[in-house]
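Work through these exercises with the model open beside you. Try each task before you read its solution.

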Amino acid sequence: MFKTPKPLNKPTHNPVAVANEFVALAAADHTIDVNPAKLHALVYMAHGWHLGINGHPLLNGRISAWRDGIFVTELREAGCWGTKRVDAPIAIVSVDDARGMMAERTPRMPPKHVDLKTIVAVWKLYGRLPPFDLVRVTKEVASPWDLIWNDEERPNDEPKVIPNATMKIFFKQLADKRRSKVAGITETLRLHPTAGIDQTQTMLETPDPNRLRSI
């Protein structure tokens, strides 16, 4: 008997590589207000919309909730933190075992990769928002951050990882409410109002928010 082959996992990307694509887009667009908070938010938005529309993760890293919003673990570990403007690609420093020395590399996504469409679309939607406004968008009522951080059963004030399944459900519902027909991410995101800070809650149909906290 022939066994049914298992579906191949979709490739995911280093969060720092995704962040560096946003840094490049900001430079090309002459946008000078990209600080770490905004960059973390953009990477989160790209990952969330990719999950909601395409059904699989964009990142191979972790996104966490904490008191000030969301952050991407790998970006933080690479030194993308604080308030200083990010105007150059982010480098990753690691040990080169073969040479016994520290090595620095600046990851980027493969040129012309199909997933770059997600990043470009998210930049067009959110890239010109001031950092403060974009952080507010990530902290909307009923958003993944809100569900995880404001969970009454959260044991302490330590950052808590936001499950991919939680983000997928949230962004899929958001996309379904805005999608009038089957479309790619560019067309779908174009229907989402920029800076719709208080509009997501009314679009979601989640009768039991606790279901999204633990999946």
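**Exercise 1.** At what angle do H2 and H7 pack, and how far apart are their axes?

*Solution.* Keep in mind that this is a predicted model.
Step 1. Find the two helices: H2 spans residues 36-54, and H7 spans 164-178.
Step 2. Read the geometry. H2 and H7 pack at an angle of about 75 degrees, and their axes are 7 Å apart.
Step 3. Name the arrangement. Angles of 65 to 115 degrees count as roughly perpendicular, so H2 is roughly perpendicular to H7.
Step 4. List the residues in contact. H2 brings Tyr 44, Met 45, His 47, Gly 48, Trp 49, Leu 51, Gly 52 and Ile 53. H7 answers with Asn 164, Met 167, Lys 168, Phe 171, Lys 172, Leu 174 and Ala 175.
Step 5. Sort them by class. The contact of H2 with H7 has nine nonpolar, four polar and two charged residues.

**Exercise 2.** Which residues have the most contacts inside the largest nonpolar core?

*Solution.* 
Step 1. Take the size. The largest nonpolar core has 50 residues.
Step 2. Pick out those with the most contacts inside this core: Phe 22, Leu 39, Met 45, Trp 49 and Tyr 126.
Step 3. Trace the suppliers. At least two core residues come from each of H1, H2, S1, S2, H4, H5, H6 and H7.
Step 4. Find the main supplier. H2 gives the largest share, 10 residues.
Step 5. Link back to Exercise 1. Met 45 and Trp 49 also take part in the contact of H2 with H7.

**Exercise 3.** Is Thr 31 buried or exposed?

*Solution.* 
Step 1. Locate the residue. Thr 31 sits in the loop between helix H1 (15-28) and helix H2 (36-54).
Step 2. Apply the cut-off. Buried means under 20% relative accessible area. Thr 31 has 16% relative accessibility, so Thr 31 counts as buried.
Step 3. Look at the surroundings. Leaving aside residues up to four places away in sequence, Thr 31 touches Ala 26, Lys 38, Trp 123 and Gly 127.

**Exercise 4.** In what order do the three strands of the open sheet lie?

*Solution.* 
Step 1. Read the order: S2-S1-S5, with antiparallel pairing.
Step 2. Strand S2 (69-72) and strand S5 (160-161) each pair on one side only.
Step 3. Check one pairing. Strand S1 (residues 63-66) and S5 pair in the antiparallel sense over two bridges.
Step 4. Find a facing pair. Ser 64 stands opposite Val 161 in S5.

Key:
Residues numbered from 1 in each chain as written. Predicted model: local features only at pLDDT ≥ 70, side-chain atom pairs only at ≥ 80, totals over all residues. Heavy atoms only, no water. Pairing = 2+ DSSP bridges. Helix = DSSP H or I, 4+ residues; strand = E, 2+ residues; numbered from the N terminus. Buried < 20%, exposed > 50% of the residue type's maximum accessible area, 1.4 Å probe, protein only. Contact = heavy atoms within 4.5 Å. Core = buried A, V, L, I, M, F, W, Y, C linked by side-chain atoms within 4.5 Å. Axes fitted to C-alpha atoms, helices over the stretch in contact; angles between N-to-C directions. Parallel < 35°, antiparallel > 145°, perpendicular 65-115°, else oblique. Nonpolar A, V, L, I, M, F, W, Y, C, P; charged D, E, K, R; others polar.
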